[in-house]
Amino acid sequence: KRRIDNVITNLHDSVHLLLMHAVVAEDVRARYSKRQWENRMQEVSSLVLGVGLSALGIHFDVPLQFTGGVVAATVIGVGGMHWFNSSKLKDAEEQLTSIEELSASFQRTHPQEVSEADEFYSAIWARIRDPLRLSLWRSGLSDFPAVSKSDVAKLQNILDEEIPRLRRLASPSHHGSKHM
């Protein structure tokens with residue numbers, strides 16, 4: 001009985017750790033991904049503008065020097081913008097994986113627990129903060145896999161439904177019972 005209860009308690013703690021890890025990591029990854037897509041849209045928009053101006057120049061028989069200048073300016077401008085955006089994205093990744101920013105993500109993803117000063121969640125956060133930072137840093141935010149809402153819902157279901165069901169099955173009133 002005691003051993004089964006310990007296993008269920010360990011499962012409960014492990015699922016809480018995994019759930020918090022997934023939710024906070026997804027918040028950080030999503031914020032990084034948003035910045036990455038904003039940069040890409042900026043670069044693509046600039047490229048489309050440059051190509052469009054070049055096409056207009058060719059269509060209206062503008063001197064070739066002007067059209068060539070627009071093409072060169074577009075290539076240099078978009079290349080420079082890509083370099084600049086890449087360096088800013090690297091800075092953003094370092095900032096997003098800092099302890100302060102991870103703590104802000106924890107507060108953003110768990111506002112009720114933070115406002116209630118829930119010691120259980122504070123203890124879980126203290127346990128995963130450094131390993132989460134290390135895992136985000138090692139894989140890089142651009143390569144970190146997304147966590148779907150269904151994955152989070154499945155973990156929450158384990159906490160809300162499956163673990164209580166296991167506890168009921170392991171309770172003394174169920175020992176020797178044929179109901180499962």
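1. In H1, the residues Ile4, Asp5, Ile8, Thr9, Leu11, His12, Val15, His16, Leu18, Leu19 and Val23 make contact with Val152, Leu155, Gln156, Ile158, Leu159, Ile163, Leu166, Arg167 and Ala170 in H6. By class, this contact of H1 with H6 comprises 14 nonpolar, 4 polar and 2 charged residues. The model under discussion is a predicted one.

2. The axes of H1 and H6 lie 10 Å apart, and the two helices pack at an angle of about 170 degrees. Angles over 145 degrees count as roughly antiparallel, so H1 is roughly antiparallel to H6.

3. Helix H2 covers residues 64–96, and its axis comes within 9 Å of that of H1, with a crossing angle of roughly 175 degrees. H1 and H2 are therefore also roughly antiparallel to each other. The contact of H1 with H2 contains 12 nonpolar, 12 polar and 4 charged residues.

4. With helix H3 (residues 99–109), the axis of H1 makes an angle of roughly 110 degrees, and the two axes come within 9 Å. The range for a roughly perpendicular pair is 65 to 115 degrees, which means that H1 and H3 are roughly perpendicular to each other. The crossing in which H1 passes H3 is right-handed.

5. The residues that meet in this crossing are Met20, Val23, Val24, Asp27, Val28 and Arg31 from H1, and Glu101, Leu102, Ser105, Phe106, Arg108 and Thr109 from H3. They divide into 6 nonpolar, 2 polar and 4 charged residues.

6. The largest pocket holds about 180 Å³ of space. Its lining consists of His16, Leu19, Met20, Val23, Thr109, His110, Glu113, Tyr121, Val152 and Gln156. By class, the lining has 5 nonpolar, 4 polar and 1 charged residues.

7. Which helix gives the most to the lining of the largest pocket? H1 does, with 4 residues. Helix H1 (2–59) and helix H6 (149–170) each supply at least two residues of this lining.

8. Several lining residues also take part in the helix contacts described above. His16, Leu19 and Val23 of H1, together with Val152 and Gln156 of H6, belong to the contact of H1 with H6 and also line the largest pocket. Met20, Val23 and Thr109 are among the residues where H1 meets H3, and these residues likewise line the pocket.

9. A last point concerns Ala146, which is placed in the loop between helix H5 (119–139) and H6. Apart from its neighbours within four places in sequence, Ala146 is in contact with Glu26 and Arg29. The C-alpha atoms of Ala146 and Ile163 are separated by 26 Å, the two residues being 17 residues apart along the chain. Ile163 itself is one of the H6 residues that meet H1.

Notes. Residues numbered from 1 in each chain as written. Predicted model: local features only at pLDDT ≥ 70, side-chain atom pairs only at ≥ 80, totals over all residues. Heavy atoms only, no water. 1 Å grid on protein atoms, 1.4 Å probe; cavity = no way out; pocket = protein on both sides within 12 Å on 5 of 7 lines; lining within 4 Å. Points joined across faces, edges and corners; volume = space filled by probe spheres on them. Nonpolar A, V, L, I, M, F, W, Y, C, P; charged D, E, K, R; others polar. Axes fitted to C-alpha atoms, helices over the stretch in contact; angles between N-to-C directions. Parallel < 35°, antiparallel > 145°, perpendicular 65-115°, else oblique. Left-handed = near helix turned anticlockwise from the far one by under 90°. Contact = heavy atoms within 4.5 Å.
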